[in-house]
Amino acid sequence: MILSKGNLENIKTGKVVIPQKAMFNLPEKVLQFGTGVLLRGLPDFFIDKANKNGVFNGRIVVVKSTSNGGTTDFERQDNLYTLCVRGIANGEAVEENVICSAISRVIAAESNWKSILEFAQNPDLKIIISNTTEVGIVLVKELITQNPPVSFPAKLLAVLFERYQKFENSVEGNLVVIPTELLPDNGKKLEAIIRELAVFNDLEAGFMTWLNKNVEFCNSLVDRIVPGKPDQATLDALEKELGYQDNLLSMVEPYALWAIEGGENVASLLSFNQTDTGVVITNDIERFRELKVRLLNGTHTLSCGIAVLSGIGTVKNGMADEKLQAYIKALMLQEIGPAIPYAIEKTEKLAFTATVLDRFANPYIEHQWINITVQYTMKMKLRILPVLINYYKINRTVPKYIAFGFAAYLLFMNSEEKNGKYYGHFNEQQYLINDDSAAYFNEKLHASVTEKDYLTQVFEDVEFWGLDFKSLPGFTVAVADYYDKIKQTEIKEAFSSFLV
């Protein structure tokens, strides 16, 4: 039995929260760019919870922008999906299954752009959400008259302009735009791109006036580990327990945070914050962002290459490995935490570190390290380099754990090209490198006579990094030394000598 509206009444296990039929008649209030598990597991989860509590009372129209995959699973399941919440919260085990009914439609932009523009004219629409990955919020100078525009900002501008034409002189058109891409000041960056793109498209002056008055762009931060569909054995067991098949089922941890920068007007529109303390609306979210991006995401980023090269598949297995666990703890407590480039009380950093360690060790979540390596280079630049720079400002010495993680990253990026894809090889294992910079490293490696020459070329590319590594005394030497040790010995043996 497949999960669908028609089959809800046939679910008799009592082990899942089932939506009431009234949920399907709620008005469409949200336009969401992105179908990924993070959006479905966090913002959509909060909206669904509020709907079930009779608070927000609105559903989501989702835009599928990419050509990867399709909308078939959403259509077959009437846009329903199950979130299996598993983990530890306040010392207690959490096991909860929720059928989310927040999504009303999923529209493929490539084949049905007209429907998206028509929804832009709906007076019920109040919120626009996005998660197009960090590489999605970029300026591509293109016309919004395309069917559809290519980039996410151009698509968004087309929607906003369509809405302006409908509601130029009416407050019915007011909107809040909340990107969730993991970028500093993501809302303001998106707004700046929209404004520049509007000038490129030579949109009428009245549009800018309307944009200033009627649309509020909010910085936001999302924090929840949502690894998505579990392995086949776990999925089979869950579907047997639930009593139905769900091709969109996702695992999520209990911890959930959506911090949104805004005032009273934003809070009034985002009424779903009333039903979960995980939704925080405040005038400054930087503290939340720095804790998450540095201690959780940054630790993930520096550890994932080590784990993959060590043959460790999941984060929970990494925490069960004595040496990798010791590395992760030391990295957070000795280097990342003290060097976060923002004023946060030590007690708060230590408390968040303890929470992160518990989340990493969650026995229910199969979070694959290889998935964390997606866009590895971008993550290193955004998450690690600011901490590295600040560490040197404070200590003027080499942060050995960061240096070792950097060495593992550079070794991970060594690749061979096959049919336009890049594959790494280490200790007789092969892995796909899903990184926009894979070609760059491949070219540097194969153009170098020696690997020492390769490392030198990479580190001397100031334009690529936006950083002159010569300003960090001893760092590149330490990375090169660790790089050689990893190649010559077992990787865990390479770093066990300096763990304290």
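Residues are numbered from 1 along each chain as its sequence is written, and side-chain values use heavy atoms, with hydrogens and water left out. Because the model is predicted, local features need pLDDT of at least 70 and side-chain atom pairs count only at pLDDT 80 or more, whereas totals for chains, interfaces and linings use all residues.

The protein chain has 21 helices and 15 strands (DSSP runs numbered from the N terminus: helices are H or I of at least four residues, strands E of at least two). Its radius of gyration is 23 Å, close to the 23 Å that the globule rule gives for 500 residues, so the chain is as compact as a globular protein of that length; the radius is taken over C-alpha atoms, and the rule is 2.2 Å times the number of residues to the power 0.38. The C-alpha trace spans about 65 × 60 × 50 Å along its principal axes. Of the 500 residues, 56% are buried (under 20% relative accessible area; exposed means over 50% and partly exposed in between, with a 1.4 Å probe and protein chains only). The chain exposes about 20,900 Å², of which carbon and sulfur atoms supply 48% (Shrake-Rupley method, 1.4 Å probe; for residues, only the protein chains shown count as cover). Among contacts (heavy atoms within 4.5 Å) with a separation of 6 or more, 76% are between residues 24 or more positions apart.

V30 lies in strand 1 (residues 28-33) and is buried, with a relative accessible area of 0%. Not counting residues up to four places away in sequence, V30 touches I47, F56, R59, I60, V61, F119, L125, I127 and I129. The C-alpha atoms of V30 and S170, 140 residues apart along the chain, are separated by 19 Å.

T353 is found in helix 13 (residues 346-360) and counts as buried at 4% relative accessibility. Leaving aside neighbours within four places in sequence, T353 is in contact with L295, M332 and L333.

The pocket is lined by 17 residues, each with an atom within 4 Å of a point; L455, T456, F459, T476 and V477 lie nearest its centre. Helix 18 (451-459) and helix 20 (475-488) are the elements that give two or more residues to this lining.

Methods. On a 1 Å grid over the protein atoms alone, a cavity is a set of points where a 1.4 Å probe fits but cannot get out, and a pocket is an open set with protein on both sides within 12 Å along at least five of seven lines; lining residues have an atom within 4 Å of a point.
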